[in-house]
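Open the model in your viewer and keep the sequence panel beside it. The stops below say what to select and what to look for.

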Amino acid sequence: MKKAILVTSFGTSHRDTREKCLDLIQREVEEKYGSENVERAYTSRIIRRIIEKNEGIHIFDQEEGLKALKDRGFEKIITMSLHILDGIEYSKLDDKFGKISKPLLADDKDLKKIVNNKEFNDFEGNDAIVFMGHGTENAADCIYQKLQDEYLKAGKDNIFIATVEGKVTIKDIVEKMKGKGFRNILLKPLMIVAGDHAKNDMSSDKKDSWKTILKNEGYKVTSVLKGMGEYKFIREMFMDKLKDVYICRGTIHM
């Protein structure tokens, strides 16, 4: 049975972080499973349009990617998800030609891997870390609180998680940090890429950016524009999730 893999993410219009994160993961998949067996897809229509307009590159949505691989003779197509949680974008994925790998934060083991990784949680000489997650309007938003709880269980009460569009905001974190003696704050993206949110909403000098909000509270703020896809252990987590569904035997969905 001929198998193929469709590496599927939300996508980003920022070429620099795309190459460091999404493209790097795809290359590692191609190295292991064969470049002729791999295609990519982005779930964000807006991102695909921006890239096509600015770079002249057409990137498949999942349906187009599945069709392209099926037309090349592949009988089973695995959709490799590069999403962080089972949110709105992940729910768009269709399993009609094969299984879908789980998102990055699918269970407690995944959360512990994030919490226990030294490089990812390096304070770089600062007093506290504030991670920026995207957030979602559906029930999966609770994953951010579960991750926060794991940090607390591990005794890391100076690591905080807020979201751009989820329940816990940067204002909530500002309140949590008051009176704890923190002076130097490190901002880091809890996102696969360090794209628009990380560059503008987190790190810019705009009056409503997280950096500006924290500076106005009297903190010295440092931002790290490093997407999660740049960390080897994150890429290994995604590869393990792909392997879990790739090696499974079962009926092909047609």
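Select lysine 241 first: with a relative accessible area of 9%, this residue is buried (buried means under 20% relative accessible area, exposed over 50%, partly exposed in between; 1.4 Å probe, protein chains only). Lysine 241 sits in helix 10, residues 232-246. Helices (H or I, at least four residues) and strands (E, at least two) are DSSP runs, numbered from the N terminus. Show aspartate 110 as well; its side chain makes a polar contact with the side chain of lysine 241 at 2.8 Å. A polar contact is a pair of N or O atoms within 3.5 Å; within protein, one must be able to donate a hydrogen and the other to accept it, and residues adjacent in sequence count only if both atoms are side-chain atoms.

The model is predicted: local features need pLDDT of at least 70, side-chain atom pairs count only at pLDDT 80 or more, and totals for chains, interfaces and linings use all residues. Residues are numbered from 1 along each chain as its sequence is written, and side-chain values use heavy atoms, with hydrogens and water left out.

Next, the salt bridges. How many salt bridges does a search of the whole structure find? The total is 15, a salt bridge being a side-chain nitrogen of Lys or Arg within 4 Å of a carboxyl oxygen of Asp or Glu.

Select glutamate 28 and arginine 235, whose side chains form a salt bridge (2.9 Å, N to O). Glutamate 28 belongs to helix 1 and arginine 235 to helix 10, so this pair ties together parts 207 residues apart in sequence. Glutamate 28 is partly exposed at 22% relative accessibility, whereas arginine 235 is buried at 11%.

Move to arginine 18 and glutamate 55, another salt bridge, at 2.6 Å, N to O. Here arginine 18 is in helix 1 and glutamate 55 in helix 2 (residues 45-55), 37 residues apart. Arginine 18 is buried, with a relative accessible area of 3%; glutamate 55 is partly exposed, at 21%.

Now select lysine 153 and glutamate 150, where the closest N and O atoms of the salt bridge are 3.6 Å apart. Both residues lie in helix 6 (residues 142-153), three residues apart, about one turn of the helix.

Finish at threonine 12, in the loop between strand 1 (3-9) and helix 1 (15-33). Threonine 12 is buried at 3% relative accessibility, and its side chain reaches the backbone nitrogen of histidine 14 at 3.1 Å.
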